[in-house]
Amino acid sequence: MKPIQVGLLGIGTVGGGTFKVLQRNQEEIKRRAGRGIEITMVADLDTARAQAVAGEGVKVVGDAREVIANPDIDIVIELIGGYGVARTLVLEAIAAGKHVVTANKALLAVHGTEIFAAAHARGVMVAFEAAVAGGIPIIKALREGLTANRIQWIAGIINGTTNFILSEMRDKGLDFDVVLKEAQRLGYAEADPTFDIEGVDAAHKATIMSAIAFGIPVQFDKAHVEGITRLASQDIRYAEQLGYRIKLLGITKRVPKGIELRVHPALVPAKRLLANVEGAMNAVVVHGDAVGTTLYYGKGAGSEPTASAVIADLVDIARLHTADAAHRVPHLAFQADAMSDAPVLPMSEVVTSYYLRLRVADEAGVLARVTSLLAEAGISIDAVLQREADEVGGEGSTQTDLIILTHDTREGTLDEVQAHLQSLPSVLAPIVRIRKEELS
Ligand code: HSE
């Protein structure tokens, strides 16, 4: 059978890796796909660089629409990124009857409903393994491997930049700003790291996983997004003294009232495997009712790890594109007419446990007042840590840190108590609150 022909839009790091891996493993890939897979055309604004990366046999153009218009191209790979021109080109490729492979998590998390509906109507596939956790085949696992399960929750370290920063802060006792600069110098963090450090990138990925796990539409606008920019190294230290590590988690959970979808720093028990994922690595824990807890670990970014996911999608399409569209794997794991309308819950309805740090006056009755306010709201305390004032504020200090770990409570309830605690004259600084996930 003649090789399936692929056009590539945007040839950066991942595009270059895709060429390399396709070439290096071409025989192995062909044995799996049942036919060859060839990237025959590339569109990139920098045509000279693109030609150098793609090699002489590949047609390089400056206009992506030339690729989409080419009747010989069966699959378009979109590696441009962002929600702008990428959205237009993906929709145009679908309209032209091309299958699409994309690594673009932002595009799918925000415009996925429109894109999947267009693909469904046109009978083409949109594949996106590379959009979540780079080389880890988590989409395949959720959509196919775990298909027997009622998935209950997913918790993942799905942003390598922030995990690298948190690992360095803990290892070296450094503050966020210092580590961020170092991460940029080493090339781990982008020159503009906003999407990573503010949790947006992780929320895009969590949104996609949530849709596949629970058969709901992608709803990035409903996700709660918090990054790591306000984390202080002293909280990482206190958490460690209590047996926890702080990680930026993407969490989605099925609860009786609906679906939780949130990204924020969280204390994780140090004994959990997820707590021990260090540096720029990614890991995702999925809990299904039949299989129990499963863990997926690997590189979440980089040239060849991401190319590994892109090529897996190319092979899937090569195997399935002659199949009746109704018999292919649905984009979001559930049949398009069987999606759930379970609501994504507001944070006030989320039930979890908390780490609270209160800078308080070191005087009689403060601890009693704080704990009685929590007790009156029905919030049960799991652990308390208080350091000597001298250790916290220096010799002769009259202030100290009071650290409280709570048991599970509704976030709305804690919001109210926290406002009350904050108004106490003996509470001297804004209360630090970090969610805690036992993952048991
Ligand atoms: N910037 C991401 C990360 C990789 O740091 O994990 C691409 O999603």
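Colleague: In which segment does Leu439 lie?

Modeller: Please note that the model is a predicted one. Leu439 has a phi near 55 degrees, a positive value in a residue other than glycine. Its relative accessible area is 17%, under the 20% cut-off, so Leu439 counts as buried. As for its place in the chain, Leu439 lies in the segment after E17.

Colleague: Which residues does Ile431 touch, leaving out those up to four places away in sequence?

Modeller: Ile431 belongs to the loop between helix H16 (411-422) and strand E17 (432-436). With a relative accessible area of 10%, Ile431 is buried. Ile431 and Arg359 are 72 residues apart in sequence, yet their C-alpha atoms are 7.2 Å apart in space. Beyond its sequence neighbours, the residues that Ile431 touches are Leu356, Arg357, Leu358, Gln418, Leu421 and Gln422.

Colleague: Is Ala133 buried or exposed?

Modeller: Ala133 is found in the loop between E6 and H7. Although it is not a glycine, Ala133 has a positive phi of about 60 degrees. Its relative accessible area is 0%, and Ala133 is therefore buried.

Colleague: Which elements do the buried residues of H7 pack against?

Modeller: Helix H7 covers residues 138-145. Its buried residues are Ile138, Ile139, Ala141, Leu142 and Arg143. These pack against strand E7 (151-157), helix H11 (200-214), strand E11 (281-288) and strand E12 (292-299).

Colleague: Which residue in E6 stands opposite Val101?

Modeller: Several facing pairs can be named in this sheet. Leu9 stands opposite Glu78 in E4, and Val76 stands opposite Val100 in E5. For Val101, the residue opposite in E6 is Ala127.

Colleague: Which residues of strand E4 point the other way from Ile75 and Ile77?

Modeller: In a regular strand the side chains alternate between the two faces of the sheet. Strand E4 (residues 75-78) has Ile75 and Ile77 pointing one way, and all four of its residues are buried. Those that point the other way are Val76 and Glu78.

Colleague: What covers the buried residues of H5?

Modeller: Helix H5 (residues 85-95) has as its buried residues Ala86, Leu89, Val90, Leu91, Ala93 and Ile94. Just after H5, Gly97 takes a positive phi of about 85 degrees. The cover over the buried residues includes E1, helix H4 (64-69), E4, E5, helix H6 (105-122) and E6.

Colleague: With which residues is Thr18 in contact, leaving aside its neighbours within four places in sequence?

Modeller: Thr18 lies in helix H1 (residues 13-24). Its relative accessibility is 0%, so Thr18 counts as buried. Its contacts beyond the sequence neighbours are with Ile39, Ala307, Val310 and Ile311.

Colleague: What is the radius of gyration of the protein?

Modeller: The secondary structure comes to 16 helices and 17 strands. The globule rule gives 22 Å for 440 residues, and the value for the protein is close to this, so it is as compact as a globular protein of that length. Along the principal axes, the C-alpha trace spans about 80 × 45 × 35 Å. The radius of gyration is 24 Å.

Colleague: Among contacts between residues at least 6 apart in sequence, what percentage join residues at least 24 apart?

Modeller: Buried residues make up 54% of the 440 residues. Among the contacts you describe, the share joining residues at least 24 apart is 74%.

Colleague: How far apart do the centres of the positive and negative side chains lie?

Modeller: The protein exposes about 18,600 Å², of which carbon and sulfur atoms supply 51%. It has 44 positive and 54 negative side chains. The centres of the two sets lie apart by 5 Å.

Key: Residues are numbered from 1 along each chain as its sequence is written. This is a predicted model: local features need pLDDT of at least 70, side-chain atom pairs count only at pLDDT 80 or more; totals for chains, interfaces and linings use all residues. Side-chain values use heavy atoms; hydrogens and water are left out. Helices (H or I, at least four residues) and strands (E, at least two) are DSSP runs, numbered from the N terminus. The radius of gyration is taken over C-alpha atoms; the globule rule is 2.2 Å times the number of residues to the power 0.38. Buried means under 20% relative accessible area, exposed over 50%, partly exposed in between (1.4 Å probe, protein chains only). Contact means heavy atoms within 4.5 Å. Accessible areas come from the Shrake-Rupley method with a 1.4 Å probe; for residues, only the protein chains shown count as cover. Lys and Arg count as positive and Asp and Glu as negative; His and the chain ends are not counted. The place of a charge is taken as NZ of Lys, CZ of Arg, CG of Asp or CD of Glu. Two strands pair if DSSP finds at least two bridges between them.
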